[in-house]
Amino acid sequence: MRNKGRNALVAVMVGLPVLAVSTFATVYETNAISPVEGLDQQLGQTQALVNPAQREPIDQEPDGNWQPARGSTSGSPDSKDETAAVADKAAEDTDWTPQQVRGAVGADLIDITSGSSSAVTARGRTHVRIVGVDGADKALTGLVDLRSGRLPRNDSEVLVSPWLAGHGFPIGHNLEVTQGVQGSGAASSTGRVVGVAVMPSVFDNALVVARPSSPVAALAAGEQTQHTYLVPGPKPVTWQRVRELNQLGLAITSRSVIQNPPANWEDTLSDPGAFASFNGSDAATRAVLFLVVFSIVLEVILLAGPAFAVGVRRSRRQLALVAATGGTARDVRRVVLAQALTTGALAAVLGAALGIPLAALIVALIPHFLPETVLGPFDVAWVALLVATALGAVAALTAAYFPARAAARQNVVAVLAGRRGQVGSRPGLPVLGGVLLGVGAAVALVRGTRQGGELWVAAGTLTMVLGAIALMPALVGGVGRLGRRLPLPLRLATRDSARQRSRTAPAVAAVMAAVAGVTALAIGASSDFAQSRRDYQPRLPAGVTTVQASDMDAAWWDAADATTQALAPGRALLATGTLGGSTSDPMSTPDVYVAPPGCPTTPPVSETADEKCVSWMTAGLKRPTAGYSAQSSLVANQTGLEALGYQLDDEQRAVLARGGVLVPSAALVDDSGHARLVTFVSDYSGSKPKVAELQTRRVLAAPIDPLLTSGGMPNLTGAILTPKAAETLKLPWAQNGAVLSPSAIALSRDAQDKLQETLLGSAQYADVYTERGFDESFALPLVGLVIIAALAVLVGTLTATGLALVDGRPDAATLAAIGARPRTRRTMASAQAVVIGLLGSLAGIAVGLVPGIAVAWPLTAQHNGPDGMSVWGSPIIRIPWLMLALIGIGVPLLAAAAAGLGVRSRLPLTRRLGQ
């Protein structure tokens with residue numbers, strides 16, 4: 001109680017990490033929804049959920065996860081024709097009707113329907129998912145989480161998700177839903193929005209909830225409608241009943257089974273080992289948890305250590321009196337440790353207690369800022385709170401241990417006489433630090449650079465940090481010896497830091513540990529971002545905008561062109577399409593094949609066919625490349641081809657002008673300059689695919705290199721020709737897309753969104769895409785890392801500087817007595833902050849470089865090879881030097897400025913005794 005300020009500082013240093021752990025653990029526990037906690041969100045108040053899985057027996061876990069039973073042929077047909085035919089017949093009979101499900105279960109079920117539809121917007125349409133459920137039904141309480149407004153009371157009212165409410169459909173507005181294209185005679189209905197809600201069991205942002213009997217819910221009915229069957233009533237569904245229904249192919253999620261899992265349930269399965277659990281990730285999770293906890297405790301020890309060291313030094317006279325009156329060294333240690341235990345335990349308990357209401361506040365605010373988030377019931381992580389409280393007390397005791405040992409070994413006579421001796425480094429400590437640094441670097445660079453080496457990197461980092469901590473007293477002493485060449489304020493600061501190493505070294509080590517961790521994270525994240533940018537595979541050349549829509553006539557494309565010119569004046573849509581068009585049966589859509597010389601006129605389907613005939617489109621590639629996009633034909637005029645990025649030479653222009661075709665390889669062109677262009681259809685109805693030739697044309701041809709995207713990936717097209725050439729050759733084609741005429745400025749995102757929404761108003765499917773290249777940004781994560789590191793440096797530096805100023809008051813009074821100006825104390829405070837912050841930051845950057853480079857290895861060395869398979873290759877190392885310079889130099893200077901402005905320049909007069 002006599003030193004309230006210093007003890008309050010220790011309490012804050014111990015209590016804040018405990019508060020953070022307590023808050024995070026409680027929020028995490030609330031967000032983690034267990035199977036029992038999620039029952040109401042999945043079942044409402046009913047007894048079970050029925051999932052028609054298949055028509056053959058299945059095995060399942062108590063939570064409803066299932067797989068085919070042993071001996072089932074579903075999903076695994078044999079290669080023989082008769083087995084494949086049986087499997088195909090079984091696949092046709094897997095659909096269950098609601099009546100069949102009710103008959104199999106033998107109960108009256110609640111059928112909740114869900115299907116896709118479209119909502120009419122001011123410019124066109126947007127896709128929505130409609131769920132037919134009565135939220136007011138008490139049996140379904142919990143399925144619908146009402147966020148605002150009220151539940152529908154009649155069939156003309158609906159609920160919408162927060163996303164829809166924020167995109168033009170708030171409470172009070174009318175929502176028009178259509179089953180087809182607006183204005184084409186499709187069925188439509190309108191519902192008035194009376195509330196905003198989420199359904200945790202439905203993963204769709206654009207959600208509409210309507211009563212099952214409403215016209216809006218009826219629009220979701222169709223072949224793609226999904227059914228959720230719930231079993232109401234008071235009778236529980238037992239595990240025995242679940243296994244009976246499993247034999248029919250029904251998977252059951254039972255409330256009774258989840259709340260009371262049956263013992264030895266695996267023995268009832270056809271394959272008892274079907275759901276063997278793999279706990280390989282548990283060890284990794286425990287290792288990561290241990291590393292995080294160890295890092296937090298270490299940071300608390302390093303931050304609280306200087307406060308205890310100053311406290312012991314300020315109380316050295318009282319401790320010396322204890323020793324002078326008969327107290328043993330053990331008694332002195334106990335006095336210091338008792339203070340640490342009292343302060344640390346109270347701070348830890350208070351931090352853990354305050355974390356609960358803070359977590360409750362965060363949980364209450366999350367739905368307002370993240371409306372789509374679904375949380376479970378508020379849970380307090382009592383185990384985590386108890387562990388955090390105990391660790392806080394242990395950290396306080398550990399931080400006070402070395403100052404307590406120093407107090408027990410102090411010279412009683414010297415202390416009572418008012419003299420302070422200089423503390424040296426233990427001879428073996430630097431050697432131990434060097435060994436730990438070497439071992440940690442070896443572990444990180446050797447074991448950490450292999451696949452799955454992230455944990456080794458973390459272990460090596462902690463070992464290096466411990467080694468740097470052991471080296472820190474010697475490093476501080478070395479800086480003190482170099483101080484004789486510095487200006488007076490820095491010379492005084494370095495000498496004081498070297499003389500009081502028990503106070504300075506932990507503070508510098510705390511800054512070093514925090515900066516080392518941030519440095520490693522920054523290098524790893526920057527390298528991972530660089531790999532993402534390198535591996536980005538664009539669909540089109542940069543700035544190109546395309547529109548894709550199927551089964552639309554010329555009038556629709558004319559209207560789309562007019563809309564485009566209104567949104568982007570001076571630009572127009574240039575038609576693109578494919579040969580063969582489309583039919584009602586996608587399996588019989590005509591396709592195109594350019595037969596190389598010496599190959600048959602139909603594409604080979606046999607595995608023993610000549611490779612040049614099978615891979616005819618890739619014959620022009622100079623190297624095999626995985627991930628390329630390919631299409632068999634492209635119909636567009638020369639302007640459209642240039643808009644897509646094709647660079648045509650004079651020969652290619654001449655071939656197109658004469659009604660010829662461009663092919664992806666010179667090997668497809670014979671000696672007379674012609675190619676065989678074949679249209680065909682494929683038949684996959686039997687066990688083996690069949691190809692039927694429609695017509696073959698021998699046309700003038702010229703090779704063209706594949707269109708390379710900005711990422712270097714080829715965009716292959718088998719045959720390129722103009723619409724006029726297709727008509728001349730009597731090859732039918734259909735427009736299924738368009739490209740926006742070229743411009744130096746890419747289409748804006750707002751114009752792209754408006755065009756997409758407008759076109760969906762009159763088409764069942766339309767996609768507008770603008771290639772903007774890799775447009776992700778690393779600025780926000782980088783700023784976050786800088787803020788974290790800056791806070792760590794500022795807190796550690798300013799805390800240690802404040803303690804140093806308190807501890808150095810006698811020296812400041814002596815300087816004032818011999819004529820030092822008042823601003824000298826401000827200058828000394830700034831110099832002290834520079835020494836602590838700069839030394840800690842630069843040491844942290846040096847320590848963090850090794851694990852940062854090591855962690856970038858497993859993050860970036862794995863990539864897709866030429867064959868598309870994942871391979872282990874050369875890593876990408878990116879070091880954010882500007883960020884590190886800002887942390888290593890800028891933040892310590894900021895701390896120095898804050899220390900200089902915050903300290904008092906004048907001190908009260910101090911009476912000094914003759915010594």
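The legends below describe close-up views of a predicted model. Local features need pLDDT of at least 70 and side-chain atom pairs count only at pLDDT 80 or more, while totals for chains, interfaces and linings use all residues. Residues are numbered from 1 along each chain as its sequence is written, and side-chain values use heavy atoms, with hydrogens and water left out.

**View 1. The disulfide of Cys599 and Cys613.** A disulfide is a covalent bond between the sulfur atoms of two cysteines; here the term is applied to a pair of cysteine sulfur atoms within 2.5 Å. By this rule the structure has 1 disulfide. The sulfur atoms of Cys599 and Cys613 lie 1.9 Å apart, and the link is left-handed, with -85° about the S-S bond. The pair links distant parts of the chain, 14 residues apart: Cys599 is in the loop between β15 (591–595) and α19 (611–614), and Cys613 is in helix α19. Helices (H or I, at least four residues) and strands (E, at least two) are DSSP runs, numbered from the N terminus. Cys599 is buried at 5% relative accessibility, and Cys613 is buried at 4%. Buried means under 20% relative accessible area, exposed over 50%, and partly exposed in between (1.4 Å probe, protein chains only).

**View 2. The salt bridge of Arg243 and Asp59.** A salt bridge is a side-chain nitrogen of Lys or Arg within 4 Å of a carboxyl oxygen of Asp or Glu. The structure holds 10 salt bridges; in one of them, the side chains of Arg243 and Asp59 meet at 3.3 Å, N to O. Because Arg243 lies in helix α7 (residues 239–246) and Asp59 in strand β2 (residues 58–60), the pair ties together parts that are 184 residues apart in sequence. Both Arg243 and Asp59 are buried.

**View 3. The salt bridge of Arg129 and Asp204.** The N to O distance between these side chains is 3.5 Å. Arg129 belongs to strand β5 (residues 125–132) and Asp204 to the loop between β9 (188–198) and β10 (207–210), so the pair ties together parts that are 75 residues apart in sequence. Arg129 is buried at 15% relative accessibility, whereas Asp204 is partly exposed at 30%.

**View 4. A nonpolar patch on the surface.** Patches are made of residues with over 30% relative accessible area and no salt bridge; like charges are joined within 9 Å, and nonpolar side chains (Val, Leu, Ile, Met, Phe, Trp, Tyr) within 5 Å. The members are Leu358, Leu361, Ile362, Leu365, Phe369 and Leu370, which together have about 560 Å² of accessible area. Accessible areas come from the Shrake-Rupley method with a 1.4 Å probe; for residues, only the protein chains shown count as cover. Leu365 is placed in helix α11 (residues 329–369) and is partly exposed, with a relative accessible area of 37%.

**View 5. Asn264 and Lys730, with positive phi.** Most residues other than glycine have a negative phi. Asn264 has a positive phi of about 55°; its place is the loop between α8 (255–259) and α9 (280–314), and it is exposed at 55% relative accessibility. Lys730 has a positive phi near 60°. The loop between α22 (723–728) and β22 (733–740) contains Lys730, which is exposed at 65% relative accessibility.
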